[in-house]
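Student: I've got the sequence and the model open, and I'd like to walk through a few spots with you. Can we go residue by residue, then zoom out to the strands and helices?

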Amino acid sequence: MADKTQSLEHIEDLMHTASLAAAEFTQYTQEEVDRIVRRVAEEAFAERIRLAQLAEEETGIGRWEDKVMKNVLATQYLYEDIRDLKTVGVISDDKFSGITEIAQPLGPILAIIPVTNPTSTTIFKIMIALKTRNPVIICPSKKAVKCSCEAARVCYEAALQAGAPEGSVQWLSQVSREQTHALMSHPQLALILATGGGSLVNSAYSSGTPALGVGAGNVPVFIEKSADIPFAVDQVFASKTFDNGTICASEQALVVEREIAPQVMHEMKRRGALFLKKKDIAKLEDLAYNREKKLMNADIVGKSAKFIADKAGIEAPEDVKLLVAGLDGVGEDYPLSSEILAPILAFYQVDDFEAAVNLCMQDGDFVVALGASGCGK
């Protein structure tokens, strides 16, 4: 009981500090805010390699080289995108409608961070919170506490040097479900930014606090017969193998018109794809998917194709990049048709465009068609 009391007292301390920072933040000008955000972006960018290496070392997920690029996207690219946005005072004045928009901060934000992107998501959420004059509390994954907290520390020290309020960035160095739920439902919390699994996002939505959630994805890709096949396959490989497949927006299933299937398979094999036999698909299903929980097995998330093949007892060359499973259907009877955050790809052959669209609608939330005009959603 002592630990429970201590953890709840810590939550109250966090929220009190965040509320004081929120009150001070309301007095900041656009110039002051922009100076803070720029300094945070510069310092986090300077630490992009170290933070990426720390993330792979702690989590064992993905490739630090790819995580460097994630950190670049969350610093340099994000900063360039939001640099000139007005977030203080009057941000628009429509003389025709008579509507004037005035930006006001919300208050303390809780940012829940996934294990798959522990440093880049931390940096991203801190920067957008500071840009809008909102203090933020970082809640890392239990498996990525050290690297997420270090990313938060780098950002906070940079923000303080640029004049940000004390307590404008805080983080949990010890994470428990009890603390997370207490924070999510705290009456002084203004918003939850939840990135993670479906249960976590649902908890955020049902907490009573406004929430923006990013949960599981299961993206099917349709390669139509008019597509530039080498280009299409190259783009799928670039996406699905990046950071060992940990991006939830990356492809999970490839749907191909039967007429061009041999060409697609040839291009995939040329780039390092291994098309699995039926017996090996069964082995991979047992390893990659937890049938009881109806979720991917966390032990293979972000691991290399060779690591996964060896663990499943599948013979694979040393340079294998992608494990491909030819499937006949979608749903619980086909576990690899679900989201698997690893270099594993479901593969379907269909007769025509209509059949492809129908299959994609079963397999995910939207369709990506790679056709003669390129790539579109």
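Student: Which residues does Thr195 touch, not counting those up to four places away in sequence?
Tutor: Contact means heavy atoms within 4.5 Å of each other. Residues are numbered from 1 along each chain as its sequence is written, and side-chain values use heavy atoms, with hydrogens and water left out. With residues up to four places away set aside, Thr195 touches Ile112, Ile113, Pro114, Thr121, Lys125, Leu200 and Val214.

Student: Does Thr195 count as buried or exposed, and at what relative accessibility?
Tutor: Thr195 lies in strand β6, residues 191–195; helices (H or I, at least four residues) and strands (E, at least two) are DSSP runs, numbered from the N terminus. Buried means under 20% relative accessible area, exposed means over 50%, and partly exposed is in between, with a 1.4 Å probe and protein chains only. Thr195 counts as buried because its relative accessibility is 18%.

Student: What is the length of the polar contact that joins the side chains of Thr195 and Lys125?
Tutor: A polar contact is a pair of N or O atoms within 3.5 Å; within protein, one must be able to donate a hydrogen and the other to accept it, and residues adjacent in sequence count only if both atoms are side-chain atoms. Lys125 is among the buried residues of α5. The side chains of Thr195 and Lys125 are joined at 2.7 Å.

Student: How many of the residues of α5 are buried?
Tutor: The buried residues include Ile123, Ile126, Met127 and Leu130, along with Ser120 and Lys131. That leaves α5 mostly covered, and the count of its 12 residues that are buried is 10.

Student: How far apart are the end C-alpha atoms of α5?
Tutor: The expected span of a helix is 1.5 Å times one less than its number of residues. With 12 residues, α5 should therefore span 16 Å, and its end C-alpha atoms agree, being apart by 16 Å.

Student: What is the relative accessible area of Lys294?
Tutor: Lys294 is found in the loop between β11 (289–290) and β12 (295–296). Lys294 also has a positive phi, about 60°, without being a glycine. Lys294 counts as partly exposed because its relative accessible area is 49%.

Student: In the hairpin of β1 and β2, which residue takes a positive phi?
Tutor: Two strands pair if DSSP finds at least two bridges between them. Strands β1 (residues 89–94) and β2 (residues 99–103) run antiparallel and are joined by 5 bridges, with Glu101 as the partner of Ser92. Between the strands there are 4 residues, and the one with a phi near 80° is Gly98.

Student: How many residues of strand β9 are buried?
Tutor: β9 pairs in the parallel sense with β8 (residues 219–223) over 5 bridges, and also with β14 (residues 344–350) over 5 bridges. In those pairings, Pro220 partners Ala253, while Glu257 partners Val350. Strand β9 (residues 251–257) is largely enclosed by the rest of the structure, because the number of its residues that are buried is 7 of the 7.

Student: Which residues is Arg153 in contact with, leaving aside its neighbours within four places in sequence?
Tutor: Arg153 is found in helix α6 (residues 145–161). Its side chain makes a 2.6 Å polar contact with that of Glu150. With those neighbours left aside, the contacts of Arg153 are Arg50 and Trp171.

Student: Over residues 364–377, how many contacts beyond near neighbours in sequence does this stretch have in the model?
Tutor: The protein averages a pLDDT of 91, and 94% of the residues score at least 70. Residues 1–6 have pLDDT below 50 and 1 contact beyond near neighbours in sequence. Where pLDDT is low, the predicted coordinates should not be read in detail. Over residues 364–377 the pLDDT is also below 50, and the number of contacts beyond near neighbours in sequence is 35.

Conventions
pLDDT = per-residue confidence, 0-100.
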